[in-house]
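Welcome! Open the model in your viewer, keep the selection tool ready, and follow the stops below.

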Amino acid sequence: MSIVVTGATGHLGRLVVESLLADGVAADGIAVVVRNKEKAAGLVARGVEQRVADYSHPETLTDAFRAGDRVLLISGSEVGQRVPQHAAVIDAARAAGVAQLAYTGILGGPDADFRLADEHKATERLILDSGLPYTFLRNGWYTENYTGNLAPVLENGAVVAAAGEGRIAAAARADYAAAAAAVLTGEGHLNRAYELSGDTAWSLGEYAAELSRQTGRTIAYNNVPAGTVLGILTGAGVPEPMAALLVDVDHAIERGLLAGTTGDLARLTGRPTTPLADTIAEALKS
């Protein structure tokens, strides 16, 4: 039996593996499912087992899992393709007889009524129908969704969005990774759903104010019409379908759908979630 992390060379996956190792899980008790061997070379050098497979090629998943494995299915990054990709992983996990399938969905689960949630909701239904022991990790927004690309914000002196005064209970990726590690190594998490979010919800106006404080510059929050945001995103090279999804997320934020502070994330990790100011400070160092 191994703890298996899919998508392990991505931003979240790497942090999950690091959390497992930090929690004392032996490297040879961890397996990573990756598409690119080279990207996983550093993990393999530390003793982690590598299993090469691709969500988009079901035949490659045949040997990705073993009976008794505890598996973390990290949602794919190809929006629009995720349901068939996830279905292939679920089918392979069921055929192998895994002991747990944890899935990184989205805050609100079946009640999330914005478009980015659709594939997550469909995946949860597939997992329920599979009969596999599951854990739903319904992740809220990552603070790094904002701090991961500060250059244009600092250059233009503005955070631009169509989110109104909506609040966001975001947390750092490392917080969500630690929660995933906790459910993969602990007991009592089977057939449960966790609504994961930061301890404190903040508005984009407050985010801009914190950026101003830490940089010593005036950073405004410009709440603009959805069409303006769509034009900015597509002008920056974001494909229009993805840009439209992101604008729809802004509307979800405005409606309060990413503001819930359930406390589940802090309870799973045993510590407070990372404050907004800390994630901003870390981003400004890089």
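Contact here means heavy atoms within 4.5 Å. Keep in mind on this tour that the model is predicted.

**First stop: Asp54.** Select Asp54, in the loop between strand 3 (49-52) and strand 4 (70-73). Which residues is Asp54 in contact with, leaving aside its neighbours within four places in sequence? Show Arg35, Thr60 and Leu61, and you have them. Asp54 is buried yet has no salt bridge. The nearest side chain of opposite charge belongs to Arg35, 4.4 Å away.

**Next stop: the largest nonpolar core.** This core has 32 residues, and Val5, Val16, Leu20, Leu72, Leu137 and Leu196 touch the most other members. Colour the elements that each supply at least two of its residues, including strand 1 (3-6), helix 1 (11-22) and helix 7 (173-185). Helix 7 gives the most, with seven residues.

Now centre on Leu20. Not counting residues up to four places away in sequence, Leu20 touches Ile3, Val5, Val25, Ile30, Ala181 and Thr185. Apart from this core lies another, of 31 residues; Leu150, Val159, Tyr221 and Ala252 are among them.

**Last stop: helix 7.** Is helix 7 largely enclosed or largely open? Of its 13 residues, 11 are buried, so the rest of the structure largely encloses helix 7. Among the buried ones are Arg173, Asp175, Tyr176 and Leu184. To finish, check the length of helix 7: at 1.5 Å a residue, its 13 residues should span 18 Å, and the end C-alpha atoms are 19 Å apart, which agrees.

Note on methods. Residues are numbered from 1 along each chain as its sequence is written. This is a predicted model: local features need pLDDT of at least 70, side-chain atom pairs count only at pLDDT 80 or more; totals for chains, interfaces and linings use all residues. Side-chain values use heavy atoms; hydrogens and water are left out. A nonpolar core is a set of buried Ala, Val, Leu, Ile, Met, Phe, Trp, Tyr and Cys residues joined through side-chain atoms within 4.5 Å. Buried means under 20% relative accessible area, exposed over 50%, partly exposed in between (1.4 Å probe, protein chains only). Helices (H or I, at least four residues) and strands (E, at least two) are DSSP runs, numbered from the N terminus. Lys and Arg count as positive and Asp and Glu as negative; His and the chain ends are not counted. A salt bridge is a side-chain nitrogen of Lys or Arg within 4 Å of a carboxyl oxygen of Asp or Glu. The expected span of a helix is 1.5 Å times one less than its number of residues.
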